[in-house]
Amino acid sequence: MKVEVEKQPGFVSKLQIELAPEEVAKEWDAIANGFARFAKIPGYRPGKAPRAVIDKRFRKEIQEELTKKLVSKSYREAIEQEQLRVASLTNIEDVQFDEDKAMRFRATVVTAPEFELPDYKNIAVQLAETRVSTAEVDEALERLRDQSADFVDVPGRGLQMGDFAVLDFEGSADNKPISEIAPQASKNLQGGKKFWLHLEADNFLPKFCEQLIGQKPDETRLVIIHFPEDFPMKELAGKKADYAVTVREIKEKVLPAVDDAFAAKLVPGKSLPDLRQIIEHDIEHAKEHDAERAKESHILKYLHEQIHFELPPALLQNETRRALAELVQRNRERGVTDEMLKEKEKELIEGAAGLAVNRLKTNFILHRIAEQEKIQVAKEDVDLRIRQEATRYDISPDKMRKELQQKEALDDIAEQILLGKTLDFLKANVSVEPAQENTVKEERS
């Protein structure tokens, strides 16, 4: 096989690949013989037509089959022969067959940038302690207690700080309803029915809670609010608003006792010591998960700081488009309107560009480490991931595989597995140091 490589700007290379007539003829014969066995040609019994007739009659079909078989195989061999690190295959074109059965075609590829790897084993990472203290279990238990609280009616008195008030209220400014002045404002700013409010200083609107002290059920008061000049809702910034507030109910928060009955209510059949053990295990698991994420973050930060190279413009453009589409979709799922997205278009594009640079650089570095360490993805790895995805979406593995094939996403799955394996390798070879905050605490004690 003859290969000519023409390097162009922007990490682009054009490959002219030519296959020897003998290799093409061998494959041609194999394919043509397959047609000959089943072809029905007038004047000849099945399987008895001369090869010259088969070649002429099915030339187009044979060439199509041959192209499918040889182009992919010879392209891979050419990449290996020329030792090219290909990041993306852009195009295959100009497939030609000569009379002597030689075959040639052109491939356009984007190559990976060249760079030197630093020492990536024993990267120093600082990790927080994963042991769980009694105080942490107590705090978690207190949060569960708070979530299990009852709210009971308070008879015979007015509102006090710390109470929960159930209110009907409506706001106006400049003698107009706030819903008319600031239609984009949240419903809670405009007014509401059976609105629950915890009376605490600085809760809700400025000085709102303080003006409700002493108010009794079914009593209505006028609450005056002065919105600050820098209030986020521009239509209300600097304005005075009047709220007609009627108290419907006064509730007091009653926390349950922390005992075996409380534990059994949360986890049937478990005692308080059992519950504490479950909480400790959950906190420990969360800390270990956070430690793994921190380890990964430290590793990538170190590699990004140590390695510098230019990214292929074509790949960066494609990755930026993909990142932008993800950001837009994520914002839409959060309820952000297209009008608001349009207003933040510049910020979104800048965010997508930064995300794309980070992703591409990370992928190139991890691929190079995988190459150096001979980390590979086996068929079993892909099969396992497909089974996991099938379980996640509650469909059969065969159906999941077909869907991935239709979306041409099997290569993406293999890519994710390779990057994950490489990160796992790096995480298994770090040098762990105690977090600085822990060191400071030890010195103080």
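1. The side chains of Glu136 and Lys287 form a salt bridge, with 2.9 Å from N to O. A salt bridge here is a side-chain nitrogen of Lys or Arg within 4 Å of a carboxyl oxygen of Asp or Glu. The pair joins distant parts of the chain, 151 residues apart: Glu136 lies in helix H4 (residues 134–147) and Lys287 in helix H8 (residues 272–306). By this rule the count is 38 salt bridges.

2. The model is predicted: local features need pLDDT of at least 70, side-chain atom pairs count only at pLDDT 80 or more, and totals for chains, interfaces and linings use all residues. Residues are numbered from 1 along each chain as its sequence is written, and side-chain values use heavy atoms, with hydrogens and water left out.

3. An open sheet is formed by 4 strands in the order S1-S2-S4-S3, with antiparallel pairing. Its edge strands, each pairing on one side only, are S1 (2–8) and S3 (86–97). From one strand to the next the twist averages 15°. Helices (H or I, at least four residues) and strands (E, at least two) are DSSP runs, numbered from the N terminus; two strands pair if DSSP finds at least two bridges between them.

4. Strand S2 (residues 12–19) pairs with strand S4 (residues 103–111) over 8 bridges in the antiparallel sense. Leu19 has Met103 of S4 as its bridge partner. Helix H3 (residues 59–81) packs on the sheet and touches S1, S2, S3 and S4 (contact: heavy atoms within 4.5 Å). The direction of H3 makes about 135° with that of S3; axes are lines fitted to C-alpha atoms, for helices over the stretch in contact, and angles run from 0 to 180 degrees between N-to-C directions.

5. The largest pocket has a volume of about 2,100 Å³. A pocket is an open set of points on a 1 Å grid over the protein atoms alone, where a 1.4 Å probe fits, with protein on both sides within 12 Å along at least five of seven lines; lining residues have an atom within 4 Å of a point. A volume is the space filled by probe spheres set on the points, which are joined across faces, edges and corners.

6. Of the 41 residues lining the largest pocket, Val86, Ala87, Ser88, His367 and Glu415 are closest to its centre. Helix H11 (345–373) is among the elements that each supply at least two lining residues, and H11 gives the largest share, 9 residues.

7. The second largest pocket has a volume of about 200 Å³. Its lining includes Arg385, Glu389, Tyr393 and Asp412. Helix H12 (379–393) is one of the elements supplying at least two residues, and H12 gives the most, with 4 residues.
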